[in-house]
Amino acid sequence: MFLHLRPEKDLKKLLTNSLLEGRIKRKGCGAPLLFVCLAPMAGYTDVAFRSLCAGFGASLTTTEMVSVLGLMHNSKATHELLFTEPNESPKEVQLFGSNPEAFSRAAGHPFLEKFDIININMGCPVPKVFKQGEGCALMANPELAYKIITACTKNTNKPVTVKFRLGLTADTINAAEFGKMCEQAGAGSITVHGRTRQQGYGGRADWNEIAKVVRAVKIPVIANGDVCCRDDLIKVKEVTGCAGVMIGRAALGRPWIFNEILHGGGSGPICITLFPNITGYC
Ligand SMILES: Cc1cc2nc3c(=O)[nH]c(=O)nc-3n(C[C@H](O)[C@H](O)[C@H](O)COP(=O)(O)O)c2cc1C
């Protein structure tokens, strides 16, 4: 059973509105709008880097992962992760943890007021996180994952989104069922990294598996993994039918990739968001 999204929780609408409010979109290409987002990367996507990427055209920026427990303890390190710049818009905060009550309190925390979207990390493969039942471990515990998502949606009016992987191993891929669960719990959109936990960051991202998730849900799906240029973007859109992509490592040391994707070579019509302040960096 699919839940109908409340309009204010619809990420697509939120992003579209933000485009209408002062952002320009490429005209006349006749292709569907694609969101090209910066992926969260702990240790890299701090406020300075995110602001740079937003300036080069990223449709959405997301903080590094923020512990819901750290937020409760009001730690200085957590506070610093929540710094933002005005040109990051829309901006998403990424939370991780495993306790629904802590997520509920985090979702309503005043420190998150400036963010447009709350994202939940259910894809982190790092042993330290996994052993606590957090990050990707939640893919093996969909009941708890459901409780976490609903705990957030009940305590905020912001859209709640989820980022996860294909599953834990090649033999236990469950991304499509997990995506349906997220949708039923009230997630406004999902981002799928096309690798399993076992793969870490090696091998190729499997866009065909992401396509299965797109077919399984009605909410927007952001495809993630190995999108490094405009041709990749066109290909991943063709293969998956995704609403947008998230670019991670290809943006490291190359934050202008968002501009390149917009103006660079490659074939096929594509309509991508363009931010007015992009000229500040050209
Ligand atoms: C150094 C590093 C840190 C990352 N930190 C996070 C994180 O905090 N939260 C998250 O959801 N994903 C994190 N990721 C995963 C990326 O968001 C992305 O899913 C992954 O790199 C695949 O996309 P890519 O092929 O475009 O790099 C991290 C990846 C890297 C390489």
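Which elements do the buried residues of α7 pack against? They pack against α5 (100-107), β5 (117-122), β6 (160-164) and α8 (175-185). Contact here means C-beta atoms, placed from the backbone, within 7 Å. Helices (H or I, at least four residues) and strands (E, at least two) are DSSP runs, numbered from the N terminus.

This is a predicted model: local features need pLDDT of at least 70, side-chain atom pairs count only at pLDDT 80 or more, and totals for chains, interfaces and linings use all residues. Residues are numbered from 1 along each chain as its sequence is written.

Overall, the protein chain has 11 helices and 10 strands. Of its 282 residues, 49% count as buried, that is, with 20 or more other C-beta atoms within 10 Å of their own, those atoms being placed from the backbone.

Back to α7. The helix covers residues 142-154, and its buried residues are Ala 145, Ile 148, Ile 149, Ala 151, Cys 152 and Thr 153. An α-helix has 3.6 residues a turn, so residues three or four places apart point the same way.

Next, β5. In this strand, 6 of 6 residues are buried. Ile 117, Asn 119 and Asn 121 point one way, and Ile 118, Ile 120 and Met 122 the other. In a regular strand the side chains alternate between the two faces of the sheet.

What about the neighbours? Strand β4 (residues 91-96) runs parallel to β5, joined by 4 bridges; pairing requires at least two DSSP bridges. Leu 95 has Ile 120 as its bridge partner in β5. On β6, the pairing with β5 is also parallel, over 5 bridges, and Phe 164 stands opposite Met 122.

Note on methods
Expected span 1.5 Å × (residues − 1). Buried ≥ 20, exposed ≤ 12 C-beta atoms within 10 Å, placed from the backbone. Contact = placed C-beta atoms within 7 Å.
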